[in-house]
Amino acid sequence: MGVKTQVNDGVVNIYIKGNFDISCYDDFNKTLNEHLDSASKFVIDLSETTYMDSSALGMLLLLREKTGGNPAKIEFTHVTPEVMNILKVAKFDQLFTIV
Amino acid sequence: MRILVVDPSETNRFYLKLVLEKNGYDVLFASNGLDAYQMFESEPVDLVISELTLPFMSAYDLVEKIKSNSSNQMIPVFIVTNEVSSEAIQKALEVGADDFLQKPYSEQLFLAKILSLLRMKQLTTELYKSNQTISSLHKNLELEHRSAERIFEKFVHGPGKLVPGLETHIKPASIFNGDVFLSTVMPSGSVLVLLGDFTGHGLPAAIGAIPVAEVFYSMVRRGRTPSEVLSVINSKLKEILPTHIFFSCIMVKIQPDRKLVSIFNAGMQPIIKFNTLKREAEEYPSSSPPLGILDTNEMSLNFLRIEVEPKDCFFLYTDGIVEVMDTDRKMFGVERLVEEISSRNNPTINDLVESAKTFSAEPLFEDDVTIIKLSMDEILSESKQKLMKSSNIEIKPATQWRLTFDFCHKNIRVNGNPTEGVVDAIMVMQPLISFKEDLYLVISELYANAVEHGLLKLDSSIKDQPDGFSKFNELKNKRLSTLEDGKITIYVRQMPKGLHSGEIEIRVSHSFSESGNDESCAKQLTTEDKENAFSGRGLLLVRALCKSLALDLDNATATAIFAWQQPEVLNEA
């Protein structure tokens, strides 16, 4: 598990490795609060995410709320088929931009 | 700190006394195993130092006895011996001795080992104390949970009615894993079930279940439609739940008389339909985000209607069963669940739970699984009358009355669909809880048709295109926001047909004002407009629900006759 952050020109890239679940909460929340004011966009890289549970979906909703519900401010990239399935079941593809 | 020294040699005892007392320890002595054990039992000691070779009781027995009689605290046993055989020392460690030192030894090492053993004792004591605190807290919490559960059970399951054809497997303490299952017979005689799952576990999930249950049972009792129930649940949850908690759910309504099932899946795994005769399985995936996230007006609470046969059954389940993992951490999954269902002539809930159990890597299968089976044959064979009766609604004698509602373009633009208010007004004139849902559907379809095709001139063939529904809605909202002319009239009249039966005429018409200020909104309806005006698919539904439906193209009026009759079984009762 792990949350890594990289900032390029105001774009905050968040990499989530392994299981995206409640164990990522503290790191995720910290990253969020640190960059919320300065970020032009959050890009969540899910290439190395093996699994996502409902608490991870909850964290994404928190991010959505904090960025004012603007779909252009959050982007998911490199979504694996497994994780895509989870996002689709919850219809999060309607709430977020998936690249 | 008090140390018990056990050594048959007087010289050794004297030496140890000197060393230990010089370093501030209290010292007790014994020259054999038996005396030592008696002393250990009668005097509190913090540490035992013992030679391996002892008369009367062997050092091994002494160690074992000390360890087995000090289970609620740790008394370190330190072997200090002349013995050189490593087997003998190993054996002492195996029976429970904590450390050893072979003679001759350096005094510093000896004292350092004593300090280290006492430190270990200290840590163990602290650990033991905090374990005790945790276990007593846990016991209290368990007690509280049990009381809360009892209250909750009464609340959530109390008003539920006996629903036919229902087989369930619900984790006994289901309320604290966030699963919610509600079922009832609606006043109209339809069966309605709701299976849902809150994010996370524990108290927040359980608390959210309470408003869900309350809204569900109270609104259904008052004859509200499933989508109204869902929209109120959504608004409530949106208001009370923290952002990161939401409610995935499935609602299924079964109309036995029409052999029709309506389903709504918001963020749950696919509903599985299985026909036991044809051995065919079909999946109905989620069509909406879970409840409690979006504002109700941003959600489309559309039910999917499916015609069913008696040999159909439906499986609803929460994540528990599909997330069971085997030894390779592979998940049970939806595909496997469908296979397990399809491989049987008549799959039962128990079969599926057993399969998951066999698959699971956990020797103690965590029974964190909610799975529901709805068998159509049992529900469809119940007569509508009998089901209606079970909801205990008495119908008042029919009277004659009429109501007229006019909605101008401003109302239509600002207030949205007024059906709920119209139906409520009808209920004041003639309380017909059992038929309220059908009346709602009829009026709401006729109204929607008049707005979309009559006033806004939308072409429903748009819906046939890929992505058509959202295009249609987009266009609808765009035209609605600029609607500057037009009016819709809903005229409702009841004609009694006996003491406990009647016909309700519902006439919905649309028109434009003589002085329409927009040229494109012509005063005179063109032929094309007239034909298009009644193209809504909802009209099929209206035809199915009503005794008759007449469309008057010239006057842009749809007239439906809705007939009702108090079920005969009720008269007998």
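Start at the interface of chain A and chain B, where three residue pairs are in polar contact, both partners at pLDDT 80 or more. A polar contact here is a pair of N or O atoms within 3.5 Å; within protein, one must be able to donate a hydrogen and the other to accept it, and residues adjacent in sequence count only if both atoms are side-chain atoms. This is a predicted model, so local features need pLDDT of at least 70 and side-chain atom pairs count only at pLDDT 80 or more, while totals for chains, interfaces and linings use all residues. Residues are numbered from 1 along each chain as its sequence is written, chains are lettered from A and ligands numbered from 1 in the order in which they are written, and side-chain values use heavy atoms, with hydrogens and water left out.

**Stop 1: the interface**

Still on the side of chain A that touches chain B, select α2 (54-66) and α3 (81-89) of chain A, the elements that give two or more residues to it. Helices (H or I, at least four residues) and strands (E, at least two) are DSSP runs, numbered from the N terminus. The largest share, nine residues, comes from α2(A). By type, that side of chain A divides into nine nonpolar, four polar and four charged residues. Nonpolar covers Ala, Val, Leu, Ile, Met, Phe, Trp, Tyr, Cys and Pro, charged covers Asp, Glu, Lys and Arg, and the others, Gly among them, are polar.

Looking for salt bridges (a side-chain nitrogen of Lys or Arg within 4 Å of a carboxyl oxygen of Asp or Glu)? The count between chain A and chain B is zero.

How much area is buried between the two chains? About 1300 Å², with carbon and sulfur atoms giving 66%. Buried area is the accessible area (1.4 Å probe) that two parts lose on being put together, summed over both. Now pick Tyr51(A), Leu61(A) and Val89(A): they supply 35% of the area that chain A buries against chain B, more than any other three residues.

**Stop 2: the cores**

Next, show Phe20(A), Phe28(A), Met52(A), Leu60(A), Phe92(A) and Leu291(B), which touch the most other members of the largest nonpolar core, a set of 61 residues. Such a core is a set of buried Ala, Val, Leu, Ile, Met, Phe, Trp, Tyr and Cys residues joined through side-chain atoms within 4.5 Å; buried means under 20% relative accessible area, exposed over 50%, partly exposed in between (1.4 Å probe, protein chains only). Helix α6 (residues 203-221) of chain B gives the largest share of this core, eight residues.

Zoom in on Met52(A). Not counting residues up to four places away in sequence, Met52(A) touches Phe20(A), Leu46(A), Leu57(A), Leu60(A), Val83(A), Ile86(A) and Leu87(A), where contact means heavy atoms within 4.5 Å.

**Stop 3: inside chain B**

Select α9 (residues 333-342) of chain B, where Gly333(B), Val334(B), Leu337(B), Val338(B) and Ile341(B) are buried. Those buried residues pack against several elements of chain B, including β14 (312-317) and α10 (349-359).

Then jump to Thr489(B) in strand β17 (residues 487-498) of chain B. Thr489(B) counts as buried, at 16% relative accessibility. The side chain of Thr489(B) makes a polar contact with the side chain of Asp406(B), at 2.7 Å.

**Last stop: a loop in chain A**

Finish on Ser38(A), in the loop between α1 (25-35) and β3 (41-45) of chain A. Is Ser38(A) buried or exposed? Exposed, with a relative accessible area of 53%.
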